[in-house]
Amino acid sequence: MSTHTNDSASVLQLRVIVEAEDFDAAINFYRDTLGLPEQVAFEGDNGARVSILDAGRATLEISNPAQNRMIDQVETGERQGSGIRLAFEVTDGRGVTTKLAAAGATIIGEPRETPWRSLNSRLDAPAGLQITVFEELAEVPERAQRAGFGTADAR
């Protein structure tokens, strides 16, 4: 039985704040090309600008260094370094990867099927972010039957 419940969760939203030297290029990439709808935007004194983009459901994925090394190997064939990486679930992994590359991202890992049955690609994207684009190829119940998958409580 799980001891982790969300019945009284005090966190209502996960927001990742990214500083972009080229604000317009970042907005073009993430809002206009990737398709994250703008929820709200503000402009302030001295050229201050912010745009809050809706990325759908948010999760916080916490992994240890061994897991990061494994994911780097699966997605790109080599270690990419530590740090924060954003991952976006899409319905057409190959198409979105091509579209993002045309908009200025550098592909560092072409779309490939992973051991956990998703199609993942890795890109260097505007605002100094490394991103993963992934398309789920199997539903959670099917994936949960694979060795090594499931929740900590179920293991």
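Why does Y30 count as buried? Y30 has 8% relative accessibility, so this residue counts as buried (buried means under 20% relative accessible area, exposed over 50% and partly exposed in between, with a 1.4 Å probe and protein chains only). Please keep in mind that this is a predicted model, in which local features need pLDDT of at least 70, side-chain atom pairs count only at pLDDT 80 or more, and totals for chains, interfaces and linings use all residues. Residues are numbered from 1 along each chain as its sequence is written, and side-chain values use heavy atoms, with hydrogens and water left out. Helices (H or I, at least four residues) and strands (E, at least two) are DSSP runs, numbered from the N terminus.

**The sheet**

- Four strands make up an open sheet with mixed pairing, in the order β3-β6-β5-β4; two strands pair if DSSP finds at least two bridges between them.
- β3 (85–89) and β4 (106–113) each have a single partner strand and stand at the edges, so one side of each is left without a neighbour in the sheet.
- From one strand to the next, the twist averages 15 degrees (axes are lines fitted to C-alpha atoms, for helices over the stretch in contact, and angles run from 0 to 180 degrees between N-to-C directions).
- In a regular strand, side chains alternate between the two faces of the sheet.

**Strand β5 and its partners**

- Strand β5 (residues 118–125) runs antiparallel to strand β6 (residues 129–136), and eight bridges join them.
- Across this pairing, L119 stands opposite E135 in β6, and D124 stands opposite Q130 in β6.
- The hairpin of β5 and β6 has three residues between the strands, and A127 in the turn has a positive phi of about 70 degrees.
- With β4, β5 pairs in the antiparallel sense over five bridges; here I107 stands opposite L123 in β5.
- Four residues lie between the strands in the hairpin of β4 and β5, where R117 takes a positive phi near 65 degrees.
- Seven of the eight residues of β5 are buried, leaving this strand mostly covered.

- Buried residues in helix α1 (residues 23–33) are A26, I27, F29, Y30 and T33.
- Their cover includes β2 (49–53), α3 (93–102), β5 and β6, where contact means heavy atoms within 4.5 Å.
- F29 has 0% relative accessibility and therefore counts as buried.
- The count comes to one aromatic pair: F29 and Y30 are edge-to-face, at 4.8 Å centre to centre and with 80 degrees between the planes.
- Rings of Phe, Tyr and Trp (its six-membered ring) pair if their centres lie within 6.5 Å; planes under 30 degrees apart count as stacked, over 60 as edge-to-face and the rest as tilted.
- After α1 comes G35, with a positive phi near 95 degrees.

**Helix α2**

- Helix α2 (residues 65–76) has twelve residues and reaches 16 Å from its first C-alpha to its last, close to the 16 Å expected at 1.5 Å a residue (the expected span is 1.5 Å times one less than the number of residues).
- N68, I71, D72, V74, E75 and T76 are the buried residues of α2.
- Viewed down the axis of α2, these buried residues fall within an arc of 165 degrees, so they line one face of the helix; the arc is that of the directions from the helix axis to the C-beta atoms.
- β3, β4, β5 and β6 are among what covers the buried residues of α2.
- G77, whose phi is positive and near 85 degrees, follows α2.
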